[in-house]
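Dear colleague,

I am passing on a structure for you to look through, and below it I have written what was found. Please keep the model open while you read.

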Amino acid sequence: PGGVSGNREFFSSERVNRQRRESFLGILGSEPLLRSGIQGASVLDVGCGDGGTLLALAESGAKHVVGIDTDAGRLDSAARAAKSWENVECLLTDGSHMPFEDNRFDFVLCSEVIEHVLDPLAFLSEVARVVKPGGIVYITFPSFRSISGPHLWHLVKVPFAQFIFGLDAMRYAAAEVLKKQRQMVEFSWDNINGMTVSMIRGLLRRQQRLNILKLRVYTPFRP
């Protein structure tokens, strides 16, 4: 196991929000299609977590932003973070069974979510249902074949440890690091479905409403 950058501040919702907000604003700054798709739009953030991306969406000119998550604690943090934005609301619900009518949103963001869901095809079908024809769905995820695939790279700094040691060993090592940092040991990384780029391509071919306009792959090194 490797160390964690910083200390308890590393795990704070304020730091996570700041990082996610800045990261997504950076993406929007380099993607004119996304930026124009958000301005004046009705936007859904699936798996909004502590709310950093909600802030970025509101700041980028969205008309109305809805953030959903299954974690009540993180959703409370998101609501507090976005309390000064009257056009932002937070809702406790599951992205695989959303309480929205068909064709509700112009833009749907799914950031670091699809690799956790039990049925990715059903999830994508639900996302496709709530987005308007001609709307934009923006999906990000760490490929399971990357160093950050199991979402534990910040805790277990061994490249491709999921293949070298296995997920169970990684989870154990990560839990030990968290205990040393006096942090609650979460097991949200248990729900990892092994999502890869080839898998997402295959899933999108199997449903009728979503098409890939652009696919970008980032990697910190070149194995």
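F107 stands opposite I136 in β5, and the strand β4 (residues 105-111) pairs with β5 in the parallel sense over six bridges, where two strands count as paired if DSSP finds at least two bridges between them. Helices (H or I, at least four residues) and strands (E, at least two) are DSSP runs, numbered from the N terminus.

This is a predicted model, in which local features need pLDDT of at least 70 and side-chain atom pairs count only at pLDDT 80 or more, while totals for chains, interfaces and linings use all residues. Residues are numbered from 1 along each chain as its sequence is written, and side-chain values use heavy atoms, with hydrogens and water left out.

The open sheet has five strands in the order β3-β2-β1-β4-β5, with parallel pairing. Its edge strands are β3 (88-92) and β5 (131-140), each of which pairs on one side only.

The largest nonpolar core has 25 residues, and among those with the most contacts inside it are L44, V46 and F123; such a core is a set of buried Ala, Val, Leu, Ile, Met, Phe, Trp, Tyr and Cys residues joined through side-chain atoms within 4.5 Å, buried meaning under 20% relative accessible area (1.4 Å probe, protein chains only). Strands β1, β2 (64-69) and β4, with helices α5 and α8 (197-206), each supply at least two residues of this core, and its largest share, six residues, comes from α5. A second, separate core of 22 residues includes F24, A56, L57 and A58.

Best wishes

Key
Buried < 20%, exposed > 50% of the residue type's maximum accessible area, 1.4 Å probe, protein only.
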